[in-house]
Amino acid sequence: MDRVNAALRRVPPGLIYMGATLWAGWMFWRGVAGRLGPEPVEVLEHAYGDLALKLLVLGLAVTPLRRFVGLNLMTFRRAIGVTTFFLVLAHLAVWAVLDVQSLDRVWADIVKRPYVTVGMAAFVLLLPLALTSNSWSVRRLGPAWRQLHKLVYPAAILAALHFLWLVKGFQLEPILWLVAILALLATRLRMKPRVAADSPAPAKDSIQSWG
Amino acid sequence: MARRWTNDLTHDDVTPEGLWLNRRHILAGLGAAGLAGLPAAGRAQPLEPNSWDDITSYNNFYEFGTGKDDPVRNAGAMDTSGWQVTVDGLVDNPGTYDLAELIGGLETEERLYRFRCVEAWSMVVPWNGFELADLLDRVGVQEGARYVAFETAVIPEVMPGVRRGVLDFPYVEGLRLDEAMHPLTIMATGIYGRDIPNQNGAPMRLVVPWKYGFKSIKSIVRISLVEDQPPTSWNKANAREYGFYSNVNPNVDHPRWSQATERRIGGGLFAQRQETLMFNGYPEVAGLYEGMDLTEFF
């Protein structure tokens with residue numbers, strides 16, 4: 001695992017931004033060129049949303065992977081998080097502009113359709129996280145930054161519910177994503193150091209592993 | 001006796017596959033010329049059938065998987081040769097028939113129909129088939145029958161969706177007898193003059209153009225004439241979302257999405273949504289529901 005970690009240290013996190021942007025652009029171009037099948041809007045909307053969910057889960061897996069497997073993806077965590085948000089934004093844009101096509105209907109859907117409401121709530125929770133994902137905000141907010149970024153936990157649950165609520169019939173995939181997210185969150189319950197309220201703050205190392 | 005219903009569009013409007021794109025240009029030219037002298041004037045707007053590829057590669061057939069491209073990838077494994085259909089219930093001639101024997105000699109014709117899915121997308125399909133009424137006349141509907149129930153084949157070995165239990169299979173559907181006897185209601189055995197592909201419901205499927213697509217049950221193996229309203233699959237799965245009637249109705253939303261507009265398949269990434277028409281643009285069926293509150297009987 002050390003060798004894997006050493007190799008990973010040589011990979012620049014910028015590759016994640018670049019890869020995601022190129023992929024998203026390529027998918028859009030395929031849609032424009034008529035290469036996404038009979039219903040390109042649905043394919044594009046689902047492709048962006050699907051990758052966003054997967055990256056969200058990957059982001060939540062960074063800390064447990066380091067703790068339980070010894071795999072260190074910490075250097076990529078910010079890139080994973082920001083890329084997740086970028087894809088959520090792309091998913092939302094395709095839905096609003098290409099699919100629903102009118103502000104009236106967008107608003108009506110947010111208010112009336114529970115799976116849209118839940119998806120929008122997840123987006124709203126992720127918004128401040130994206131805006132404070134720069135180093136300046138991390139320094140400036142100090143310990144509050146860590147608290148703020150725990151919003152990703154409810155956002156992830158809402159994102160999985162958004163998926164689960166939109167499918168028809170009994171479908172396994174959204175259930176498995178929800179279970180994965182809940183399992184990843186459960187690892188954090190056990191990771192909280194059991195210290196009395198009046199004891200000194202835990203060592204810096206253990207704070208970092210809360211992530 | 002077929003041809004009780006007069007199509008807006010004739011055989012000439014069904015474009016041979018391949019000429020489809022050219023026809024678009026011709027139509028565009030006619031449009032520029034003011035549409036004067038078009039042989040068959042459309043109802044609201046001229047219907048242009050979707051391409052063979054659209055119709056046969058974007059399907060809901062949950063027995064073969066929930067993805068829109070699952071049916072085209074998986075349905076080929078279904079063997080439709082030697083297909084048999086059981087006709088039972090309140091009929092004069094019950095029995096299990098070879099399909100060819102059951103429907104042989106019935107007059108088939110081309111029907112260019114709008115097809116509106118409950119998921120708010122739509123197509124226009126040039127079906128080949130015969131009126132269900134003709135088949136029901138042949139088997140002899142007995143006094144007391146008020147509904148027709150249909151059942152789709154269940155072949156787990158070739159149907160991954162059945163193995164995963166996406167719905168309570170076999171898929172079942174039903175119509176009130178007057179709906180089933182309506183001249184718009186057909187059994188389709190072809191598209192674009194070719195045999196209907198497996199993913200579209202080979203060898204024989206129902207087509208009820210004023211109802212959401214899931215009512216038009218595919219790959220039928222049983223037809224039963226019954227007295228009471230039969231159970232229907234989506235209604236069993238979620239009664240709040242899917243009613244027995246499931247008439248296309250822009251004023252009654254699905255609980256999870258609006259039904260006021262639809263996306264016409266084949267328009268590309270930037271296609272505008274279209275207004276959904278009451279009864280999917282077939283107002284001649286309105287009489288079937290006179291006096292019924294369609295928000296209650298959705």
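This is a predicted model: local features need pLDDT of at least 70, side-chain atom pairs count only at pLDDT 80 or more; totals for chains, interfaces and linings use all residues.

Where does Ala260(B) sit? You'll find Ala260(B) in the loop that runs between helix H8 (233-237) and strand E11 (261-264) of chain B. And what does Ala260(B) touch, if we skip the neighbours within four places in sequence? Pro250(B) and Thr276(B) are the contacts. If you want a distance to go with that, take Leu206(B): it is 54 residues from Ala260(B) along the chain, and the two C-alpha atoms are separated by 25 Å.

Okay, on to the backbone of chain B. Some background: most residues other than glycine have a negative phi, and most peptide bonds are trans. Now look at Phe279(B), in the segment after strand E12 (274-275). Phe279(B) isn't a glycine, and its phi is positive, near 50°. Asn280(B) is also in the segment after E12, and there phi is near 55°, again a positive value in a residue other than glycine.

Next, the cis peptide bonds. One joins Phe169(B) to Pro170(B), with omega about 5°. Pro170(B) is in the loop between helix H6 (160-164) and strand E6 (172-176) of chain B. Another cis bond joins Ala202(B) to Pro203(B), and omega is about -5° there. For Pro203(B), look in the loop between strand E8 (194-195) and strand E9 (205-207) of chain B.

Last thing, the contact between the chains. How many residues does each chain put in? Chain A gives 18 residues and chain B gives 24. On the chain A side, the elements giving two or more residues are helix H2 (14-32), helix H3 (40-69) and helix H5 (103-112). And the make-up of that chain A side is 9 nonpolar, 6 polar and 3 charged residues.

That's my list. Happy to go back to any of these spots on the screen.

Definitions and conventions: Residues are numbered from 1 along each chain as its sequence is written. Chains are lettered from A and ligands numbered from 1 in the order in which they are written. Two residues are in contact if their C-beta atoms, placed from the backbone, lie within 7 Å. Helices (H or I, at least four residues) and strands (E, at least two) are DSSP runs, numbered from the N terminus. Ala, Val, Leu, Ile, Met, Phe, Trp, Tyr, Cys and Pro count as nonpolar, Asp, Glu, Lys and Arg as charged, and the others, Gly among them, as polar.
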